[in-house]
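Reader: Could you walk me through this model, please? I would like to start with the ligand and then turn to the core.

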Amino acid sequence: MSIKDQYRIIEFGEYGDERGNLVVAECGGIDVPFDVKRVFYIYGSDSTIVRGRHANRRTHFVLINVAGSSKVKIDNGTETDIVELNRPRMGLYLPPMLWKDMYDFSPDSVLLVLASEHYDGNEYIRDYDEYLRMRQTPEQAVFSGKIRYCKDPDR
Ligand code: TYD
């Protein structure tokens, strides 16, 4: 499976009018393909910083740059891809067991992250060699993307 089939770009609905913009992320299988248990956001990072550098055993994420921009390098152990987050309407869905680096933050970047699980430091894999070893065992193989949600074109 190509790395491009292992993540998904989500386009959220926008309800802008003369008063400004309003973007909606409906969770639980509509826009966001999971129920959100945790929200965190990252700001004050800059173009010299690399964050992330980990994979998660169980957690699904959606990343949204609600202001500014950043880049995400996604790595499945054999392939990498880079996604630039630069619009409040754009989400990046990442299933478990993908290695991710977030970097090249603009000065005004606010990176909002929706997570399917509560925080558990034990489900983070922070050692890249360990990640590569885990990826070689079938039960830890990268999530196969079987989650379907309402706006999925293949649904
Ligand atoms: P870290 O995972 O290093 O952030 P990033 O993925 O952006 O590089 O997290 C930084 C610190 O915050 C670390 O001590 C763990 C803590 N933390 C929580 O307590 N809860 C959370 O939900 C997250 C994401 C981090």
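Predicted model: local features only at pLDDT ≥ 70, side-chain atom pairs only at ≥ 80, totals over all residues.

**Ligand shell and cores**

Reader: Which strands each supply at least two residues of the shell around the ligand?

Author: Residues are numbered from 1 along each chain as its sequence is written, and side-chain values use heavy atoms, with hydrogens and water left out. Strands are DSSP runs of E, at least two residues, numbered from the N terminus. Those supplying at least two shell residues each are β4 (38-43) and β5 (50-56).

Reader: How far is an oxygen atom of the ligand from an N or O atom in the side chain of Arg38?

Author: Polar contacts here are pairs of N or O atoms within 3.5 Å. For Arg51, the distance from a side-chain N or O atom to a ligand oxygen is 2.8 Å, and a polar side-chain atom of His54 also lies 2.8 Å from a ligand oxygen. For Arg38, the value is 2.5 Å.

Reader: Which residues have the most contacts inside the largest nonpolar core?

Author: A nonpolar core joins buried (under 20% relative accessible area, 1.4 Å probe, protein chains only) Ala, Val, Leu, Ile, Met, Phe, Trp, Tyr and Cys residues through side-chain atoms within 4.5 Å. The largest one has 19 residues. Those with the most contacts inside it are Leu63, Val72, Ile74, Leu85, Leu92, Leu94 and Leu111.

Technical notes
Polar contact = N/O pair within 3.5 Å; in protein donor to acceptor, adjacent residues only side chain to side chain. Helix = DSSP H or I, 4+ residues; strand = E, 2+ residues; numbered from the N terminus. Buried < 20%, exposed > 50% of the residue type's maximum accessible area, 1.4 Å probe, protein only.
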